[in-house]
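Please have the sequence and the 3D view open while reading.

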Amino acid sequence: MDSENKQFIHTDFSKAMSYGDYLKLDRILTSQQRLSTHHDEMLFIIIHQSSELWMKLILHELQAATSSIQNGDLSSAFKMLARVSKIQSQIIQSWDVLATLTPSEYIEFRDYLGQSSGFQSYQYRMIEFSLGQKSTMILDIYRHDEELFNQLQQMYGAPSLYDASIGALYRAGIPILESTLKRDVTQSYQRHDDVEEAWLTVYRDVKKYWDLYELAEKLVDIEDWFQQWRFRHMKTVERIIGFKQGTGGSSGVSYLKQALDRRFFPELWELRTKL
């Protein structure tokens with residue numbers, strides 16, 4: 001480094017905030033506490049912790065996008081939803097790293113996990129709730145933590161991203177039944193004929209409904225990436241533990257395969273056959 005540039009480099013942080021201070025690296029980098037002495041448990045912990053950080057950002061963007069759509073600000077929502085898709089691509093790639101863990105290596109520390117499991121990831125469940133997939137059985141997992149349970153209940157009872165999008169169709173003058181607009185949002189979303197007809201109206205006149213068309217494609221992107229995430233999750237689990245029961249009590253690979261058939265935005269997929 002030449003002397004001309006060196007004079008501008010800050011080196012005294014006794015009274016100033018440093019990079020590590022701002023990011024709270026002392027907390028983040030000391031949170032990888034292995035329960036075993038096995039080398040590869042570090043990989044297992046870091047993959048899951050980093051995924052949770054990405055999911056925190058996904059939730060941040062989804063909640064803001066839902067509010068923007070409800071307020072008629074579709075342009076801001078597009079930016080947020082595009083970011084969600086990029087984040088999803090990062091999480092999907094993390095499975096490739098975890099897949100370097102072999103069955104023989106994982107079995108060395110698997111028992112230390114007890115009954116803890118990714119099945120219990122509350123942020124993952126919040127993402128599902130945000131996208132319209134809801135289950136009271138899932139809520140029961142978190143009753144032991146009152147504060148967390150209340151957070152989940154609040155999101156469970158809130159309109160989803162898709163509910164907000166259907167509202168945008170209605171505000172654009174496209175017919176939506178009142179029963180659809182006032183559906184019980186604590187129930188997982190099920191397809192509606194009127195919603196499919198509404199989206200078909202958009203796709204048949206793209207120039208007139210360009211913003212809604214772009215919104216629809218952003219939703220399809222998110223679901224597409226989500227299904228790819230589910231598939232890579234399922235194949236990675238199968239590669240490492242085969243068809244063993246999950247540590248959290250689920251059926252493992254069999255449960256993950258069932259999830260591949262669940263859709264958040266069914267009309268947006270079905271209309272492609274009818275166009």
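In this predicted model, the second largest pocket has a lining of 15 residues. Those nearest its centre are Gln63, Ser130, Met155, Ala158 and Pro159. The space inside the second largest pocket comes to about 250 Å³.

Which helices supply at least two residues each to this lining? They are H4 (41–70), H7 and H9 (146–156). The biggest share comes from H4, which gives 5 residues. Sorted by class, the lining of the second largest pocket holds 7 nonpolar and 8 polar residues, and no charged ones.

**Helix H7**

H7 spans residues 122–131. Is this helix enclosed or open? Because 9 of its 10 residues are buried, H7 is largely enclosed by the rest of the structure. A residue counts as buried here when its relative accessible area is under 20%. The buried residues of H7 are Gln123, Tyr124, Arg125, Met126, Ile127, Glu128, Phe129, Ser130 and Leu131. Ser130, one of these buried residues, is also among the residues nearest the centre of the second largest pocket.

Several helices take part in covering the buried residues of H7, including H4, H8 (136–140), H9, H10 (161–171), H13 and H14 (253–259).

**H7 against H13**

Two packed helices are described by the angle between their axes and the distance between the axes. For H7 and H13 (residues 210–241), the axes come within 13 Å and cross at roughly 145°. The crossing of H7 past H13 is left-handed. On the H7 side, the contact is made by Tyr124, Ile127, Glu128 and Leu131. On the H13 side, Ile222, Phe226, Trp229 and Arg230 make the contact. By class, 6 of the residues in the contact of H7 with H13 are nonpolar and 2 are charged, with no polar residue.

**Helix H10**

H10, which is one of the helices covering H7, is itself mostly covered, with 9 of its 11 residues buried. The buried residues of H10 are Leu161, Tyr162, Asp163, Ala164, Ser165, Ile166, Gly167, Ala168 and Leu169.

**After the helices**

What follows H7 and H10? In each case the table names a glycine with a positive phi.

| Helix | Residue just after the helix | Phi |
|---|---|---|
| H7 | Gly132 | about 105° |
| H10 | Gly173 | about 90° |

Terms used
Residues are numbered from 1 along each chain as its sequence is written. This is a predicted model: local features need pLDDT of at least 70, side-chain atom pairs count only at pLDDT 80 or more; totals for chains, interfaces and linings use all residues. Side-chain values use heavy atoms; hydrogens and water are left out. Axes are lines fitted to C-alpha atoms, for helices over the stretch in contact, and angles run from 0 to 180 degrees between N-to-C directions. Helices (H or I, at least four residues) and strands (E, at least two) are DSSP runs, numbered from the N terminus. A crossing is left-handed if the near helix is turned anticlockwise from the far one by less than a right angle, and right-handed if clockwise. Contact means heavy atoms within 4.5 Å. Ala, Val, Leu, Ile, Met, Phe, Trp, Tyr, Cys and Pro count as nonpolar, Asp, Glu, Lys and Arg as charged, and the others, Gly among them, as polar. On a 1 Å grid over the protein atoms alone, a cavity is a set of points where a 1.4 Å probe fits but cannot get out, and a pocket is an open set with protein on both sides within 12 Å along at least five of seven lines; lining residues have an atom within 4 Å of a point. Grid points are joined across faces, edges and corners, and a volume is the space filled by probe spheres set on the points. Buried means under 20% relative accessible area, exposed over 50%, partly exposed in between (1.4 Å probe, protein chains only).
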